[in-house]
Amino acid sequence: MKLSRYMAATAVLASAVAGTAALAPQATAATRAAYNGVCGSGYKVVNSAPIGQKGTVYLTYNSAKGTNCVVTVRNTTGAPVSMFAYLYANGGEPQEDNGMYRSYAGPVYTYARGKCVDWAGGIDNQSTWTYGSNCGSLREHRVTKGW
């Protein structure tokens, strides 16, 4: 009887540990900032990158206009902190919005039909930069850094 209780308790503990490990990525995803739609109608999220544990930068695209948009969104709103949203398409001018914001920076726009884009976002002392992105078969390069 003692052996069967021990085995049952071990099985329950193993299930609990496995369940916790399986839930960990979902719990992180649940706290991830959602795209807030500020780029406007017709813009669909085509890429995103976490900014440490502070938020997410979203790259959106409007196929009717051939325009990309970037917005940086905090996981939780609060006192204003330094934030930025950045977007560049080859041959164009870099677009950036930076300042002290409570919930999001951006949107910034650029025409990019058929072009690779560089895009980035930063919150407080953390940033994520993506280079050569969303241009067919070329592979993007992403850098996350603190400042």
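**Note on the predicted model**

1. S7 and S8 form a hairpin with two residues between them. In the turn, Asp 124 has a positive phi of about 60 degrees. The model is a predicted one. S7 and S8 run antiparallel and are joined by six bridges, with S8 covering residues 126-133. One of the facing positions is Gly 122, which stands opposite Ser 127 in S8.

2. Two aromatic residues, Trp 129 and Tyr 131, form a stacked pair. Their ring centres are 6.4 Å apart, with 10 degrees between the planes. The pair counts as stacked because the planes are under 30 degrees apart. The count of aromatic pairs comes to five. Trp 129 and Tyr 131 also belong to one aromatic cluster with Phe 84 and Tyr 86.

3. Are Trp 129 and Tyr 131 buried or partly exposed? Trp 129 has a relative accessibility of 19%, so this residue counts as buried, the limit being under 20%. Tyr 131 is at 31% and therefore counts as partly exposed.

4. From the N terminus on, the order of elements is α-β-β-β-β-β-β-β-β-β. An open sheet of four strands has the order S1-S2-S3-S6, with antiparallel pairing. S1 and S6 are its edge strands, each pairing on one side only. On average, neighbouring strands of this sheet are turned by 15 degrees against each other, direction ignored.

5. Within that sheet, S3 (residues 67-74) and S6 pair in the antiparallel sense over six bridges. Cys 69 has Tyr 109 in S6 as its bridge partner.

6. Where does Gly 106 lie? Its place is in strand S6, residues 104-111. Gly 106 is buried because its relative accessible area is 15%, and buried means under 20%. Leaving aside neighbours within four places in sequence, Gly 106 is in contact with Val 70, Ala 85 and Asp 97. Gly 106 and Gly 121 are 15 residues apart in sequence, and their C-alpha atoms are 9.3 Å apart in space.

7. The largest nonpolar core has 16 residues. Val 57, Leu 59, Val 70, Leu 87, Val 117 and Trp 119 are those with the most contacts inside this core. The elements that give two or more residues to the core are S1 (44-51), S2 (55-62), S4 (81-89), S6 and S7 (117-123). S4 gives the most, with five residues. In soluble globular proteins, nonpolar side chains tend to be buried together.

8. Which residues are in contact with Val 70, leaving aside its neighbours within four places in sequence? Among them are Val 57, Tyr 58 and Leu 59, as well as Ala 85, Tyr 86 and Leu 87. Val 70 is also in contact with Gly 106, Pro 107 and Val 108.

9. Some totals for the chain follow. Of its 147 residues, 33% count as buried. Among contacts between residues at least 6 apart in sequence, 44% join residues at least 24 apart. The accessible surface of the chain comes to about 8,500 Å², of which 58% belongs to carbon and sulfur atoms.

Methods
Residues numbered from 1 in each chain as written. Predicted model: local features only at pLDDT ≥ 70, side-chain atom pairs only at ≥ 80, totals over all residues. Heavy atoms only, no water. Buried < 20%, exposed > 50% of the residue type's maximum accessible area, 1.4 Å probe, protein only. Contact = heavy atoms within 4.5 Å. Core = buried A, V, L, I, M, F, W, Y, C linked by side-chain atoms within 4.5 Å. Phe/Tyr/Trp six-rings, centres within 6.5 Å; stacked < 30°, edge-to-face > 60°. Pairing = 2+ DSSP bridges. Axes fitted to C-alpha atoms, helices over the stretch in contact; angles between N-to-C directions. Areas by Shrake-Rupley, 256 points an atom, 1.4 Å probe, with all protein chains shown as cover.
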